[in-house]
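Thanks for coming. I will take a few local features one at a time, and you can follow along on the screen.

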Amino acid sequence: MVNLETHLDERDLAAALRADVRTGLTAARKWLPPKWFYDARGSELFEEITELPEYYPTRAERAILLARAGEIARITEAKTLVELGSGSSEKTRLLLDALLAHGTLGAFVPLDVSASALADAVTRLDAAYPALSVRGIVGDYTRHLHHLPDGGSRMIAFLGGTIGNLLPVERAEFLAGVRDVLDAGEWLLLGADLVKDVRTLLPAYDDAAGVTADFNRNVLRVINHHLDAGFEPERFDHVAVWDDGNEWIEMRLRAQEAMRVPVRGLDLVVDFARGELLRTEISAKFRPERLRDELATAGFRLRQRWTDDDGLFTVCLAQAA
């Protein structure tokens, strides 16, 4: 039997989608949050992206974890590992293996919004780690952190550079929320992408094969499916730009021509001017001192920070003060 604790169901997700789409598409500068990329097709496309030659973050983070998981286990001696936005939890196996080898780990708690993906992951992990207690939590890491299990020398892992998808005020709220659920001395393991040459950054979000473009347009397919909208995704161009002032990548969709798009599930019609932009994602890149300061503001002390050999990505180990 799959051990899942559910705090988010299809009705919750439908209500959140409706609210986000109405708010974002009626804003003066239209936007949509990136979480709506990820239906089954969107998840498949993102897995393809992680294998592209241009997309360095997944490879760089995995290299760090491969080299440092044993050290992380020795420093933290974590008894419970929690992963936020866990997905398939594939990279996390490096941490599980190291913590089990160190002899401290007793429980793994992955949290994700997708009940089906989480059930699959928990089933596979149960089979691979029979001595480990695995309990999945279906929830949103911005809303359901208080449902994490108490105490027991915990380490919360938030990997993949997902921290960069949050706006600065959202990041501050998220990190403070993580600190609130941890006891003093417990741990946060954070993966973050670093500021680097734009010639390396931009291709990671605008690959030659067009997979990222297809992924970007998938948010329109999700809205069509769930809200009976009339988007024609092929009439929007994929755009990725570097915002030097904010030090983030913005992914956008650009209307090729003026159009009116019905969103019948919201009784809404959305007008687009020719060339109008719809922001679908930000991906902030970090300087080490900014990470340190944001963690400190939230109540964490940075204990260790590692990078891959090329200095593209970083994994930070911070302790609740």
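**Helix packing and a few backbone angles**

I start with D267, which is exposed, at a relative accessible area of 74%. Keep in mind throughout that this is a predicted model. D267 sits in the loop between β10 (259–263) and β11 (268–272). Its phi is near 55°, a positive value in a residue other than glycine. As background, most residues other than glycine have a negative phi.

You will find E77 in the loop between α3 (57–76) and β2 (80–84).

α3 packs against helix α4, residues 92–102, at an angle of about 30°, and the axes are 8 Å apart. That angle makes α3 roughly parallel to α4, since angles under 35 degrees are put in that class. The crossing of α3 over α4 is right-handed. Which residues meet there? On the α3 side they are R62, L65, L66, A69, G70, I72, A73, R74 and T76, and on the α4 side L94, L95, A98, L99 and H102. By class, that contact has nine nonpolar, three polar and two charged residues.

Helix α1, residues 10–25, and helix α8, residues 211–227, pack at about 120°, with 11 Å between their axes. This makes α1 oblique to α8. The crossing in this pair is left-handed. From α1, the residues L17, R18 and V21 meet I223, H226 and L227 of α8. Four residues of this contact are nonpolar, one is polar and one is charged.

Last, helix α9, residues 288–298. Its buried residues are L291, L295 and A298. Where do the buried residues fall when you look down the axis of α9? They lie within an arc of 60°, so they line one face of the helix. In general, an α-helix has 3.6 residues a turn, so residues three or four places apart point the same way. The buried residues of α9 are covered by elements including α6 (168–181), β7 (187–193), β13 (300–307) and β14 (313–320). Just after α9 comes G299, with a positive phi of about 105°.

That is my list; questions are welcome.

Notes: Residues numbered from 1 in each chain as written. Predicted model: local features only at pLDDT ≥ 70, side-chain atom pairs only at ≥ 80, totals over all residues. Heavy atoms only, no water. Axes fitted to C-alpha atoms, helices over the stretch in contact; angles between N-to-C directions. Helix = DSSP H or I, 4+ residues; strand = E, 2+ residues; numbered from the N terminus. Parallel < 35°, antiparallel > 145°, perpendicular 65-115°, else oblique. Left-handed = near helix turned anticlockwise from the far one by under 90°. Contact = heavy atoms within 4.5 Å. Nonpolar A, V, L, I, M, F, W, Y, C, P; charged D, E, K, R; others polar. Buried < 20%, exposed > 50% of the residue type's maximum accessible area, 1.4 Å probe, protein only. Arc of directions from axis to C-beta.
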